Structure formats: structure tokens, C-alpha cells
Amino acid sequence: MKWVVIVVGSLVGLAAVATLIGALLPRQHRAKRSVVLHQPPDSVWAAIRDFAGQPAWWPEMKHAERLRDSTGREIWRQQVGGFPMTLEVAEEQPPRRLVTRIVAPESAAFGGRWIYELEGMPGGTRLTVTEEGWIGNPMFRVMARVMGLDATIKKYLRSLGRRFGQDVTPA
């Protein structure tokens, strides 16, 4: 019984310390990564803009379905990394810039937007993805710092590279 109390007490103490540290971390964050793909901008645009087709090449995305549009903007429900989220296409300038935003209340665990910028260059396209986000839950802030605030962007860009038959390293 003594060991159970020690283990439970240690876990509660660890959670309290992590929550305190998370409360001291900034709620807002910005992460940015780029890759060069040996494809023209139109091909890269078609892949990133095809939300319904992304589960076929991005293992983190389990599901994507378009919802009825009630805001005048394109809305998608996605399951990414175990988290359900609703996205809206906030801005689009084919094939140069796409901005998606998580539609979430302030009480949600996280939110923000991804900005995709495509730049044609000799032999391909430089794609830069910038995440301007926020994490509401202090415990999630700690976990995000440990895993890296850019972890999802890197997984996305590596998967996109594989979709085009490339092994890319996000910079």
C-alpha cells in the first residue's frame, strides 16, 4: 500500500509541476519549415489543396470530409494525429498561397492557422508552411515543446515529399 501511495503521489506531483511549467510558457507560437520539391507549383498546389485526398499520402490524417458551407468559406472536418478538427479555407491565391484556419472556440485545446507559400524555382517549387497557433491547455504546451512545435509540419512535409517520390528534409 505504501508503494501505491508513493507512485500515485509522484504522478500527481509530476503532473502539477508540468502544469505549472506549461502555465508559464507562452500560449501563442509560430513555427515555419520549408522543402524544395522537384515538381512545378501547379502540381504541388493540387496536392496540398486536395484535402479529401490527403489521407492517401499523409499517415497523420485519418479522415477528411467537406462540410456544408454556412460561412461563405470552404469548411472541412479532419482527423489529424488523433485530434478531430474543423478547418476553413481562409485565403487562397492559386498556386502561390493557401491559408487554412482551425475553427475552434477559445476554450479548445489548440487552434491557429497554417500558411502555405509556394515559390517556383528552377527544377521545382519551394513550399514553406508556417503555423501560427495557440495551445490553451498548459499540459499540452509542455508536450508540444518536448515534441517540437514544428513536429506536425515536418511530418506533413516529409509525407508530401514521399507523395512525389522524394525524401525531403524540412529546413
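Author: Five bridges join β2 (61-66) to strand β3 (residues 75-80), and the two run antiparallel. Strands here are DSSP runs of E, at least two residues long, and helices are runs of H or I of at least four residues, numbered from the N terminus. Two strands pair if DSSP finds at least two bridges between them. Met61 has Val80 in β3 as its bridge partner.

A word on the source. This is a predicted model, in which local features need pLDDT of at least 70, side-chain atom pairs count only at pLDDT 80 or more, and totals for chains, interfaces and linings use all residues. Residues are numbered from 1 along each chain as its sequence is written, and side-chain values use heavy atoms, with hydrogens and water left out.

Now move on from β3. Six bridges join β3 to β4, again in antiparallel runs. Arg77 has Thr86 in β4 as its bridge partner. The hairpin of β3 and β4 has two residues between the strands. There, Gly81 takes a positive phi near 55 degrees.

Next come β5 and β6. They pair in the antiparallel sense over five bridges. Arg97 is partnered by Glu117 in β6.

β6 also pairs with β7. Twelve bridges join these antiparallel strands. Glu119 has Arg126 in β7 as its bridge partner. The hairpin of β6 and β7 has two residues between the strands, and Gly123 takes a positive phi near 85 degrees.

On to β1. Strand β1 (residues 28-37) pairs with β7 in the antiparallel sense over ten bridges. Ala31 stands opposite Glu131 in β7. Ten of the twelve residues of β7 (residues 124-135) are buried, so the strand is largely enclosed by the rest of the structure. Buried means under 20% relative accessible area, exposed over 50%, and partly exposed in between, with a 1.4 Å probe and protein chains only.

Axes are lines fitted to C-alpha atoms, for helices over the stretch in contact, and angles run from 0 to 180 degrees between N-to-C directions.

Look at α2 itself. Val44, Trp45, Ala47, Ile48 and Arg49 are buried there. The buried residues of α2 pack against β1, β4, β5, β6, β7 and also α4.

The axes of α2 (residues 41-49) and α4 (residues 151-163) come within 11 Å and cross at roughly 120 degrees. That makes α2 oblique to α4. Angles under 35 degrees count as roughly parallel, over 145 as roughly antiparallel, 65 to 115 as roughly perpendicular, and the rest as oblique. Val44, Ala47 and Ile48 in α2 meet Tyr156, Leu160 and Arg163 in α4. Contact means heavy atoms within 4.5 Å.

Finish at Gln54, in the loop between α2 and β2. Gln54 is buried, with a relative accessible area of 1%. Neighbours within four places in sequence aside, Gln54 is in contact with Ala47, Ile48, Met61 and Tyr156.
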